[in-house]
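The points below may be read alongside the model.

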Amino acid sequence: MRYLALDLGNRRIGLAVGGEEGVPVVPAGHIEKKTLRQDMERVLAAVRDRGAGAIVVGMPYSLSGESGVQAKLAEGFVKELRKRTHLPVHTMDERFSSVEAEGLLRDSGAQPSRRRGDVDAMAAALILERFLALGQG
């Protein structure tokens, strides 16, 4: 099954796809956030365009695993997404994914501060890789 992973940020939603056996998870761009309605439409269009059969949303829990403000916003996004699609919508702890994504980009010679959308897409890829590694996919 192909998954579309989302890294929800304040300004952007990072995208990644993968999950089929033998096919690597790859960053798939980002969506600039507008309104919840527009964000939902664009996420669902990305699901269709990429042939995804399920969605994985990164949950920004605090270091202690608690649901802070960002996690509550993500929970609301997931709830709305589940209302708008018949596809399974999974959640995955995303702690440290953006920091790790920045490090990977830096290691490749890119400047993460100038490529925020690439950081978000890479973070989505890391979220999906963790999800699949845990055997949830």
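**Notes on the predicted model**

1. Leaving out residues up to four places away in sequence, Glu80 is in contact with Leu36 and Met40. The model is a predicted one. Glu80 belongs to helix α2. Its relative accessibility is 18%, and because buried means under 20%, Glu80 counts as buried.

2. Helix α2 spans residues 69-84 and lies across β1 (3-8), β2 (12-18), β4 and β5. Relative to β4, the helix runs at about 165°.

3. The sheet is open and has five strands in the order β3-β2-β1-β4-β5, with mixed pairing. Its edges are β3 (26-32) and β5 (89-93), each of which pairs on one side only. On average, neighbouring strands are turned by 25° against each other, direction ignored.

4. Strand β4 (residues 54-59) runs parallel to β5, and five bridges join the two. Val57 stands opposite Thr91 of β5.

5. The largest nonpolar core has 23 residues, of which Leu4, Leu6, Ile13, Leu15, Val57, Phe77 and Leu81 touch the most other members. At least two residues each come from β1, β2, β3, α1 (36-49), β4 and α2. The most are given by α1, with five.

6. Apart from neighbours within four places in sequence, its contacts include Ile13, Leu15, Val57, Phe77 and Leu81. Also among them are Val56 and Ala124. A second, separate core of 12 residues includes Val56 and Ala124, together with Ala125 and Leu128.

Note on methods. Residues numbered from 1 in each chain as written. Predicted model: local features only at pLDDT ≥ 70, side-chain atom pairs only at ≥ 80, totals over all residues. Heavy atoms only, no water. Pairing = 2+ DSSP bridges. Helix = DSSP H or I, 4+ residues; strand = E, 2+ residues; numbered from the N terminus. Axes fitted to C-alpha atoms, helices over the stretch in contact; angles between N-to-C directions. Contact = heavy atoms within 4.5 Å. Buried < 20%, exposed > 50% of the residue type's maximum accessible area, 1.4 Å probe, protein only. Core = buried A, V, L, I, M, F, W, Y, C linked by side-chain atoms within 4.5 Å.
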